[in-house]
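Dear colleague,

Please find below the structure I am handing over to you, with its sequence. My findings follow directly after it.

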There are 2 protein chains.
Amino acid sequence: MGKPALLACDWGTTNLRAWTLDADGQVVAHKEFDLGVSRLAPGEAAKRFEAEVQPAFGAQGLPAILCGMVGSNLGWTVAPYADCPVGLDELAACLAPVEAHGAWARIVPGVRSQGLAGAPDVMRGEETQLMGWLAEHPDRRSGRRVICHPGTHAKWMLVEDGRLVRFVTAMTGELFAVLGKHSVLKSEAPANDIPAFEMGLVAAGEGDALAARLFTARSRVVGGGASAESTPSYLSGLLIAAEVAAVPRLLGIAAHEPVVLLGDERLCSLYSRALARRGVAHETFDGEAAAVAGLFALYSLGAAR
Amino acid sequence: MGKPALLACDWGTTNLRAWTLDADGQVVAHKEFDLGVSRLAPGEAAKRFEAEVQPAFGAQGLPAILCGMVGSNLGWTVAPYADCPVGLDELAACLAPVEAHGAWARIVPGVRSQGLAGAPDVMRGEETQLMGWLAEHPDRRSGRRVICHPGTHAKWMLVEDGRLVRFVTAMTGELFAVLGKHSVLKSEAPANDIPAFEMGLVAAGEGDALAARLFTARSRVVGGGASAESTPSYLSGLLIAAEVAAVPRLLGIAAHEPVVLLGDERLCSLYSRALARRGVAHETFDGEAAAVAGLFALYSLGAAR
């Protein structure tokens, strides 16, 4: 491991993950900050970055590259969306310049896709993980890949020859959160009941009529004697399986095309169960490592310009 | 209009509607009370009924009949569910007895149906509106009818020869409320933008992949330049059309079977737009009048026993 050469940040809505990387892209140090852009006042991102993030690593002089919602109107500066299809080179060509303590700094643009019902779909941050995953092995940049990034707003991405062709967002994680906190399905219980999760997978059917299928999470307790504590697990299974069953069709891919799960390990393991139940081949990769690789690859290409 | 002969109550989760009816079932007086069972402590329903509802009408000596969540474990006493298939006579045969100031009083049981994914589906209150609608005209009690009752938990009911055969609940209204208040789609704007509502109808597709279709309510604003104020209307159209497209299949009926809309006038008019767009023939009836008719019919049969 060499000395720090780059400060790389995945700066999202709820928090900021930062790493210093050496000249080969290896992680030197890693810190997290309670600085999600949703908590920042307008104009505050640059100040907090200079006052807290750079000093925490002693990295005031280092070049910096940042991805995520920091490039939105809630963040530091608006890094305009790049339109699909888009690959690593094209993304590196439109990094948005900012400056921090006089050092080179760039924000990765989000990506926009022709979406459903005439509305464009958008992402900020997931494109960097995707590019990192593609950059990690050259053979991933040929042929066709379907990548699913689970999360608050899960992304299903179709990649052809290393370029993101189109994607669809499913707000599965957000549905889970708001229903679990604010609806008749609310519960304080943890979502760790595997049999209830599996029952939720079954109850999702083919991902149709979700509003009706969701009510089974209530009726199985009120009318069927299931424990209220099992509701979050059942709800989680139902929502994930409904996504896995129906969203690939919207992406225009075959129902059983193999899937790459890229993201949080725990979440990916839930999606893995849902995919396995449908007989869909899949592999799982760590999203954080992919984010670091993506930031490093984009920096390497962007700084060379 | 004769003198009061019955105190009839539709006592739900959020409020209590009460009427005095004459011996022919005509409404003499109508009042609403802020006494939804979700606001009551255990054991409080009987006391508040005697202390507030009966005196408000000067109706301490009248017989009373009540339907809705007042028959649940949150209410006055548990009126055990009647199982489908169930008609007016069968429902009247299992009214749950309570007593108020010494007067005859009965609570209408809820109804239970074999539901999705092995979970029973349940209703409390809608069965009374349904029975009232059926009781209003004898010819409604022959043949096959599909009744949709829009609401927080919308009910789709299949009736054959006057008996409720089965039903499916869709938590469409609750999804609209929690997403509009607590999610990335939250907005204070009123849902009265008809073009945005119609765009939502289109965006619902065939009611599949709802978590993905919902995200268009966000991306059309963030990436597509739609006004944030139009989000509630768009969301309303999307959720209602998704229900109308997909739930009939779950009920086991043909996609274009004619539908009776029974419920709140404004809500029914939104469902009417969604059904019209799909070319589904439908008629609308007032849910409150049906509740009164149902309570009177159940009382008439129940008191005669």
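I begin with one residue of chain B. Apart from neighbours up to four places away in sequence, Arg17(B) is in contact with Cys9(B), Asp10(B) and Glu32(B). Please bear in mind throughout that this is a predicted model.

Arg17(B) belongs to strand β2 of chain B, which covers residues 16–21.

Strand β2(B) runs antiparallel to β3(B) (residues 27–33), and 6 bridges join the two. Within this pair, Thr20(B) stands opposite Ala29(B) of β3(B). The two strands form a hairpin with 5 residues between them, and in the turn Gly25(B) has a positive phi of about 85°.

Leaving out residues up to four places away in sequence, Ala8(B) touches Ala18(B), Trp19(B), Leu21(B), Ile65(B), Val292(B), Leu295(B) and Phe296(B).

The two domains of chain A are domain 1 (6–131 + 289–303) and domain 2 (170–285). Their centres, taken over C-alpha atoms, are separated by 30 Å.

The two chains also touch each other. How many residues does each chain give to the contact? Chain A gives 45 residues and chain B gives 45 residues. On the side of chain B that touches chain A, the elements that each supply at least two residues include β12 (163–170), α4 (172–182) and α7 (231–251). Helix α6(B) gives the most to this side, with 10 residues. Sorted by class, this side of chain B has 27 nonpolar, 11 polar and 7 charged residues.

In chain A, helix α5 spans residues 194–203, and its buried residues are Ala196(A), Phe197(A), Met199(A), Gly200(A), Leu201(A) and Ala203(A). These buried residues of α5(A) pack against α6 (210–222), α7 (231–251) and α8 (265–277) of chain A. After α5(A) comes Gly205(A), which has a positive phi near 55°.

Finally, some points of backbone geometry. The peptide bond from Cys84(A) to Pro85(A) is cis, with omega near -5°; Pro85(A) is in the loop between β5 (82–83) and α2 (88–92) of chain A. In chain B, the bond from Cys84(B) to Pro85(B) is cis, with omega near -5°, and Pro85(B) lies in the loop between β5 (82–83) and α2 (88–92) of that chain.

Positive phi values occur in residues other than glycine too. Asp161(A) has a phi near 50° and is found in the loop between β11 (154–160) and β12 (163–170) of chain A. Asp161(A) counts as exposed because it has 12 C-beta neighbours inside 10 Å. Ala209(B), which is not a glycine, has a positive phi of about 50° and lies in the loop between α5 and α6 of chain B. With 28 C-beta neighbours inside 10 Å, Ala209(B) counts as buried.

Yours sincerely

Notes
Residues numbered from 1 in each chain as written. Chains lettered and ligands numbered in written order. Predicted model: local features only at pLDDT ≥ 70, side-chain atom pairs only at ≥ 80, totals over all residues. Contact = placed C-beta atoms within 7 Å. Helix = DSSP H or I, 4+ residues; strand = E, 2+ residues; numbered from the N terminus. Nonpolar A, V, L, I, M, F, W, Y, C, P; charged D, E, K, R; others polar. Buried ≥ 20, exposed ≤ 12 C-beta atoms within 10 Å, placed from the backbone. Pairing = 2+ DSSP bridges. Domains from an automatic or database assignment.
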